[in-house]
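Work through each task first, then compare your steps with the solution.

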Amino acid sequence: MTVKLLVADDHAIVRRGLQALLEAEAGWQVCAAAENGQAAVDLAVRLRPNVAILDYSLPGLNGLEATRHIRHACPGTEVLIYTMHNNEDIIRDVLRAGARGYLLKTEDDSEVVRAIRALLHKKPYFSPQVAQTLLDTFLSGGKVVASQTLTSREREVIQLVAEGRSNRDIASRWKVSIKTVESHRTAAMRKLNLRSGVELALYAVRNKLIEP
């Protein structure tokens, strides 16, 4: 039985490297490769891979939102986040969105294979550093922060505004009114105590929603 894998990363060299690594395993096939989050979701819905390997910092639709959409539309598809970010908030958010694996790009190639094998057996898999971060958070009591109160749409509007999209562009993308977009943007800024588009963009960079 062929194992179907989807790879999503905005760097072509990473996509090609992962494909070569994964297809060296007997019976594994990279059925699709995507350079942004929306393409990853669309391909996952169409092809139903066994595992989707997603970078967190995907353009348009980041790894968190892509995970949420994929897990909702394709509950049989496991998600492995493959990223440079060992960030407590990001780890917690993607796990809540349905990812069962979180691997740092600093790990050896063999760790990618081990992670996917674990997910194929419905077992979670984390980089040792990530596991330590989760343990430290648990032991410290993990206080609720403002970012945890953001809705999916509020997170997405922060990313899109920070990427330079206008309210009109976002409304067209979501197929909603400009007023609806403004409502999500205002709610996000209020929750995060931000006062301007510049502060919103800085928040997005600091919290790895976009690359600086």
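**Exercise 1: a helix on the sheet**

Find the strands that helix 3 (residues 63–73) lies across, and its angle to strand 4.

*Solution.* Helix 3 lies across strand 3 and strand 4, at about 170° to strand 4. Helices (H or I, at least four residues) and strands (E, at least two) are DSSP runs, numbered from the N terminus. Axes are lines fitted to C-alpha atoms, for helices over the stretch in contact, with angles from 0 to 180 degrees between N-to-C directions. Contact means heavy atoms within 4.5 Å.

A note on the source: this is a predicted model, where local features need pLDDT of at least 70, side-chain atom pairs count only at pLDDT 80 or more, and totals for chains, interfaces and linings use all residues. Residues are numbered from 1 along each chain as its sequence is written, and side-chain values use heavy atoms, leaving out hydrogens and water.

**Exercise 2: the sheet**

In what order do the six strands of the open sheet lie?

*Solution.* Start with the order, which is 2-1-3-4-5-6, with parallel pairing (two strands pair if DSSP finds at least two bridges between them). Next, look at the edges: strand 2 (28–34) and strand 6 (125–126) each have a single partner strand, so one side of each lacks a neighbour in the sheet. Then move to strand 1 (residues 3–8), which four bridges join to strand 3 (residues 51–54). Here leucine 5 stands opposite valine 51 of strand 3.

**Exercise 3: another helix**

Which strands does helix 1 (residues 12–22) lie across?

*Solution.* Helix 1 lies across strand 1, strand 2, strand 3 and strand 4 (78–83). Its angle to strand 2 is about 170°.
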